[in-house]
Amino acid sequence: MSETHEHDHGHGEEGFGVALGFRIFEAEGEIYMAEAEISSYVDDPNALGATLVFHSLSNLDPTAAPDEDEDDAGWRVDIDDELTRDEAGATREQFHGILRQLAGLSEDDLRRYLTAAREEQGMDEE
């Protein structure tokens, strides 16, 4: 897929979208949760795409009140070009296909995507 699409990731706009954490893994001594935001394209609401979002769990305090948690937007990387799916197919089938591909990602894959996300956002590895 070589076309560029703008995603609607459920930030106050109408449309289909879901964010789900699907894996916890370690990278360079830190613990991360990999989350996938799966949503329709703004310019093609019948086609789904996905963005991986990585949240650091290393400094998470499970005893902190919700309003004390830092606002962790995470590191994001669009993975549409790596997904195999029929964008003209039924939304449910596209969704299930994306979920299967996410389930098949190895920890090494996730580490590579984390590195790419940090690089895209201009973050140096700590």
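I began with R112 and D109, which are three residues apart in helix α2 and therefore separated by about one helical turn; helices here are DSSP runs of H or I with at least four residues, strands are runs of E with at least two, and both are numbered from the N terminus. The two residues form a salt bridge, with their closest N and O atoms 2.5 Å apart, the term meaning a side-chain nitrogen of Lys or Arg within 4 Å of a carboxyl oxygen of Asp or Glu. I noted R112 as exposed, because its relative accessible area is 52%, and D109 as partly exposed, because its value is 22%; buried means under 20% relative accessible area, exposed over 50% and partly exposed in between, with a 1.4 Å probe and protein chains only.

For the record, this is a predicted model, in which local features need pLDDT of at least 70 and side-chain atom pairs count only at pLDDT 80 or more, while totals for chains, interfaces and linings use all residues. Residues are numbered from 1 along each chain as its sequence is written, and side-chain values use heavy atoms, with hydrogens and water left out.

I then looked at D108 and R111, which also lie in helix α2, three residues apart, and found a salt bridge between them with the closest N and O atoms 2.9 Å apart. D108 counts as partly exposed at 46% relative accessibility, as does R111 at 28%. The count of salt bridges comes to five; among them is the one between E87 and R85, at 3.1 Å from N to O.

Next I asked which side chain of opposite charge is nearest to D80. The nearest is R85, 4.1 Å away, and D80 is buried yet has no salt bridge; Lys and Arg count as positive and Asp and Glu as negative, while His and the chain ends are not counted. R85 itself counts as buried, because its relative accessibility is 18%. D80 sits in the loop between β4 (75-78) and α1 (91-103), where its side chain makes a polar contact of 3.2 Å with the side chain of Y41. A polar contact is a pair of N or O atoms within 3.5 Å; within protein, one must be able to donate a hydrogen and the other to accept it, and residues adjacent in sequence count only if both atoms are side-chain atoms. I also found the backbone nitrogen of A50 2.7 Å from a polar atom of the D80 side chain.

Turning to the strands, I found an open sheet of four in the order β1-β2-β3-β4, with antiparallel pairing, where two strands pair if DSSP finds at least two bridges between them. The edge strands are β1 (17-27) and β4, each pairing on one side only. Nine bridges join β2 (residues 30-40) to β3 (residues 48-56), and four join β3 to β4. F54 of β3 stands opposite A34 and has W75 as its bridge partner in β4. On β4, W75 and V77 form the covered face, whereas R76 and D78 form the uncovered one.

Lastly, I checked the chain as a whole: two helices and four strands, following the pattern β-β-β-β-α-α along the sequence, with buried residues making up 33% of the 126 residues.
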